[in-house]
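Biologist: I'd like to learn how to read helices in a model like this one. Can you walk me through it?

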Amino acid sequence: MNLIRAERLARDLMWEYDLFSRGWDFGWNRMVKTYGTTYHIQKMIKLSKTCTPNLTEDQVDNVIRHEIAHALVGPGHGHNAIW
């Protein structure tokens, strides 16, 4: 997926889930084996600039929603029942 479209999608979904008003922001990283990451201390959701171009729009949407879920439940939950 195009990086500009992916960032627009991420920001739109983050607005939808009210993350910006809670101090969260979006960014990019250069990870090669991880599509997305949530950084609770920095309040950042990041997508991989390396991996994103190889994904479909549906896959990127899924990665973003996955990271938003991590942001919403807070640190320390990983993929447990609360998450």
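**Reading the helices**

Modeller: Let's begin at the start of H1, where a side-chain oxygen of asparagine 2 comes to within 2.8 Å of the backbone nitrogen of isoleucine 4. A polar contact is a pair of N or O atoms within 3.5 Å, one able to donate a hydrogen and the other to accept it; residues adjacent in sequence count only if both atoms are side-chain atoms. This is a predicted model, with local features needing pLDDT of at least 70 and side-chain atom pairs 80 or more, while totals for chains, interfaces and linings use all residues. Residues are numbered from 1 along each chain, and side-chain values use heavy atoms, without hydrogens or water.

Biologist: Which residues of H1 are buried?

Modeller: Buried means under 20% relative accessible area and exposed over 50%, with a 1.4 Å probe and protein chains only. In H1, that gives Ala6, Leu9, Ala10, Leu13 and Met14 as buried. They cover an arc of only 130° around the axis (taken from the directions to the C-beta atoms), so they sit on the same side of H1. Ile4 and Trp15, on the other side of H1, are exposed.

Biologist: What do the buried residues of H1 pack against?

Modeller: Contact means heavy atoms within 4.5 Å. The buried residues of H1 pack against S1, S3 and H2.

Biologist: And what comes just after H2?

Modeller: Glycine 74, with a positive phi of about 95°. H1 is followed by aspartate 18, whose phi is also positive, near 65°. Helices here are DSSP runs (H or I, at least four residues), as are strands (E, at least two), numbered from the N terminus.
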